[in-house]
Amino acid sequence: MKFRLGEGDGTAFYLLGVRDSGVALGLTPGEHAAAVRILMGVASLMGNVLLLEAFSDRRHGGKRCSAWRVQSRGLALKEVKDILHMGSWAEPGSDRHARSDAVRDKAPPGTS
């Protein structure tokens with residue numbers, strides 16, 4: 001993982017249930033859970049987080065493939081912060097902001 005993070009400038013991707021050749025065989029739910037626990041544990045020990053990027057539909061036998069991203073905890077938290085608090089929809093004067101103000105202004109006294 002350390003090598004992959006270095007190659008990817010702090011980000012690494014893991015495809016579970018996909019062979020090196022690209023063939024998607026999938027993993028059973030138990031195999032998937034075990035693999036994710038291992039990846040999550042290693043990522044955590046290195047101060048990183050494991051983030052689910054994609055999950056396939058169930059295949060024959062309940063097998064699935066998944067794509068995971070490993071990156072620093074700080075970078076992941078910054079991305080979430082940016083999405084939740086600093087996106088253009090939250091800026092004063094934006095349409096979304098104006099609608100939330102209008103709803104608050106119409107609320108019964110003492111409820112907003």
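Biologist: Which residues of α2 are buried?

Modeller: Keep in mind that this is a predicted model. To count as buried, a residue needs under 20% relative accessible area. In α2, the ones that pass are His-32, Ala-35, Val-36, Leu-39 and Ala-43.

Biologist: What covers the buried residues of α2?

Modeller: The chain has four helices and three strands, running α-β-α-β-β-α-α from the N terminus. The cover over the buried residues of α2 includes β1, β2 and β3.

Biologist: How far does α2 reach from its first C-alpha to its last?

Modeller: α2 has 17 residues, and at 1.5 Å a residue the expected span is 24 Å. The model comes close to that, with a reach of 24 Å.

Biologist: Which element gives the most to the largest nonpolar core?

Modeller: That core has twelve residues, among them Leu-5, Leu-27, Leu-50 and Trp-68. β1, α2 and β3 each supply at least two of its residues. With four residues, the top giver is α2.

Biologist: Along β1, which side chains point to one face and are buried?

Modeller: The side chains of β1 alternate between two faces.

Biologist: What is the relative accessible area of Val-70?

Modeller: Val-70 sits in strand β3. Beyond its close sequence neighbours, up to four places away, Val-70 touches residues including Met-1, Leu-5, Tyr-14, Ala-43 and Leu-50. Val-70 counts as buried because its relative accessible area is 0%.

Biologist: How far apart in space are Val-70 and Asn-48, C-alpha to C-alpha?

Modeller: In sequence, these two are 22 residues apart. Val-70 also touches Asn-48. From C-alpha to C-alpha, Val-70 and Asn-48 are separated by 6.5 Å.

Biologist: What share of the contacts with a separation of 6 or more comes from residues 24 or more positions apart?

Modeller: Leaving aside residues up to four places away, Leu-50 touches Val-36, Leu-39 and Trp-68, among others. For the chain, residues 24 or more positions apart account for a share, among contacts with a separation of 6 or more, of 49%.

Biologist: Where in the chain is confidence lowest?

Modeller: The mean pLDDT of the chain is 82, and 76% of its residues reach 70 or more. Confidence is highest in α2, at a mean of 96. Where pLDDT is low, the predicted coordinates should not be read in detail. The lowest mean is 49, and it belongs to helix α4.

Conventions
Residues numbered from 1 in each chain as written. Predicted model: local features only at pLDDT ≥ 70, side-chain atom pairs only at ≥ 80, totals over all residues. Heavy atoms only, no water. Core = buried A, V, L, I, M, F, W, Y, C linked by side-chain atoms within 4.5 Å. Buried < 20%, exposed > 50% of the residue type's maximum accessible area, 1.4 Å probe, protein only. Contact = heavy atoms within 4.5 Å. Expected span 1.5 Å × (residues − 1). pLDDT = per-residue confidence, 0-100.
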